[in-house]
Amino acid sequence: MLTKKQLDLLQFIHKRVQKDGVPPSFDEMKEALDLRSKSGIHRLITALEERGFIRRLAHRARAIEIVKLPESMGGDPSPAFKPAVIEGGRPDSTPPTAQPVEVVHAMELPVMGRIAAGVPIEAISEVSHNVAVPGSMLSAGGDHYALEVKGDSMIEAGINDGDVVIIRETRTASDGEIVVALVEDHEATLKTLRRKGSNIALEAANPAYETRIFPSDKVKVQGRLVGLIRTY
């Protein structure tokens with residue numbers, strides 16, 4: 001069951017997606033719900049995601065997908081609970097039909113420590129542990145690794161402090177892609193990359209953080225974001 005604020009936010013997102021094809025910004029959500037700060041919006045979105053009504057996509061900002069709607073908004077009612085019953089006594093003469101089982105293939109990736117989604121921290125170079133990642137999350141024909149996120153500068157791209165991001169190793173990236181950038185050979189950070197002439201801009205997805213601009217020879221792409229794992 002949703003609270004009034006959660007329902008109001010879901011209705012607002014749903015109407016904007018139907019009207020414009022894209023979800024509203026966090027500022028627009030805050031204004032629509034008359035909240036003082038965007039932290040309240042983050043809490044409401046997290047609650048809606050945990051309840052399975054929306055899904056946040058990590059590869060770009062303002063990427064919110066509506067998964068289902070409550071019955072009050074025209075969604076399908078929850079199916080009635082039907083307990084599974086194990087019959088005793090005589091076995092049925094007709095054997096039950098075997099049901100297919102979906103097998104999810106997973107791969108273990110090394111977690112190379114922490115990556116700053118905020119002020120850059122020292123470059124990552126040591127494996128701290130491994131994490132199991134669904135094979136569908138990995139790009140074919142490439143090497144991958146994982147990093148634990150520290151900081152909140154990418155929060156409007158759906159990347160929170162403590163998330164584990166899956167990175168495909170690459171030395172190149174297109175404008176607008178979220179990358180692991182090595183700055184001046186000793187600082188690593190997770191940011192959106194954009195080229196501005198002979199410079200490279202590393203953009204945060206949080207208005208509290210300024211865009212940092214460096215000469216192109218001072219920034220090396222170490223990988224591109226392809227997935228995210230969140231533990232509640």
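Where do Asp8 and Lys4 lie, and how many residues apart are they? Both belong to helix H1, which covers residues 4-20. They are four residues apart, about one turn of the helix. An α-helix has 3.6 residues a turn, so residues three or four places apart point the same way. In this predicted model, Asp8 and Lys4 form a salt bridge, with the closest N and O atoms 2.9 Å apart. Asp8 is partly exposed, at a relative accessible area of 25%. Lys4 is exposed, at 63%.

The chain contains three helices and twelve strands. Of its 232 residues, 39% are buried. The accessible surface amounts to about 14,300 Å². Carbon and sulfur atoms contribute 50% of that surface. Among contacts with a separation of 6 or more, 58% link residues 24 or more positions apart.

Eight salt bridges are present in the structure. Side chains of opposite charge can pair when their charged atoms come close. One of the eight bridges joins Arg16 to Glu28, with an N to O distance of 3.3 Å. Arg16 lies in helix H1 and Glu28 in helix H2 (residues 26-32), so the pair ties together parts that are twelve residues apart in sequence. Arg16 is buried, with a relative accessible area of 17%. Glu28 is partly exposed, at 30% relative accessibility.

A further salt bridge connects the side chains of Glu49 and Arg230, at 3.2 Å from N to O. Glu49 is part of helix H3 (residues 38-50), whereas Arg230 sits in the segment after strand E12 (219-229), so this pair ties together parts that are 181 residues apart in sequence. Glu49 and Arg230 are both buried. Asp163 also belongs to this arrangement: salt bridges that share partners join Glu49, Asp163 and Arg230 into one network.

With 13 residues at 1.5 Å a residue, H3 should span 18 Å. The C-alpha atoms at its ends are 18 Å apart, which agrees. The buried residues in H3 are Lys38, Gly40, Ile41, His42, Leu44, Ile45, Ala47, Leu48 and Glu49. Their cover includes H1 and H2. It also includes strand E1 (54-56) and strand E2 (64-66). Gly52 follows H3 and has a positive phi, near 80 degrees.

The structure holds zero aromatic pairs. A charge does sit over one ring, however: Lys68 lies over the face of Phe53, at 4.9 Å from the ring centre.

Two buried residues illustrate approaches between parts separated in sequence. His14 is located in helix H1. Its relative accessibility is 18%, so His14 counts as buried. His14 and Glu65 are 51 residues apart in sequence, yet their C-alpha atoms are 9.2 Å apart in space. Thr170 occupies the loop between strand E7 (164-168) and strand E8 (178-183). Thr170 is also buried, at 14% relative accessibility. Thr170 and Arg224 are separated by 54 residues in sequence and by 6.6 Å in space, C-alpha to C-alpha. With neighbours within four places in sequence left aside, Thr170 is in contact with Val221, Gln222, Gly223 and Arg224.

The loop between E8 and strand E9 (187-196) was inspected for backbone angles. Most residues other than glycine have a negative phi. Glu184, found in this loop, has a positive phi of about 55 degrees although it is not a glycine. Asp185 is found in the loop between E8 and E9 as well. Its phi is near 65 degrees, again a positive value in a residue other than glycine. Glu184 is partly exposed, with a relative accessible area of 42%. Asp185 has a relative accessibility of 52% and counts as exposed, because the cut-off for that class is over 50%.

Notes: Residues are numbered from 1 along each chain as its sequence is written. This is a predicted model: local features need pLDDT of at least 70, side-chain atom pairs count only at pLDDT 80 or more; totals for chains, interfaces and linings use all residues. Side-chain values use heavy atoms; hydrogens and water are left out. Rings of Phe, Tyr and Trp (its six-membered ring) pair if their centres lie within 6.5 Å; planes under 30 degrees apart count as stacked, over 60 as edge-to-face and the rest as tilted. A charge sits over a ring if NZ of Lys or CZ of Arg is within 6 Å of the ring centre and within 35 degrees of the ring normal. A salt bridge is a side-chain nitrogen of Lys or Arg within 4 Å of a carboxyl oxygen of Asp or Glu. Buried means under 20% relative accessible area, exposed over 50%, partly exposed in between (1.4 Å probe, protein chains only). Contact means heavy atoms within 4.5 Å. Accessible areas come from the Shrake-Rupley method with a 1.4 Å probe; for residues, only the protein chains shown count as cover. The expected span of a helix is 1.5 Å times one less than its number of residues.
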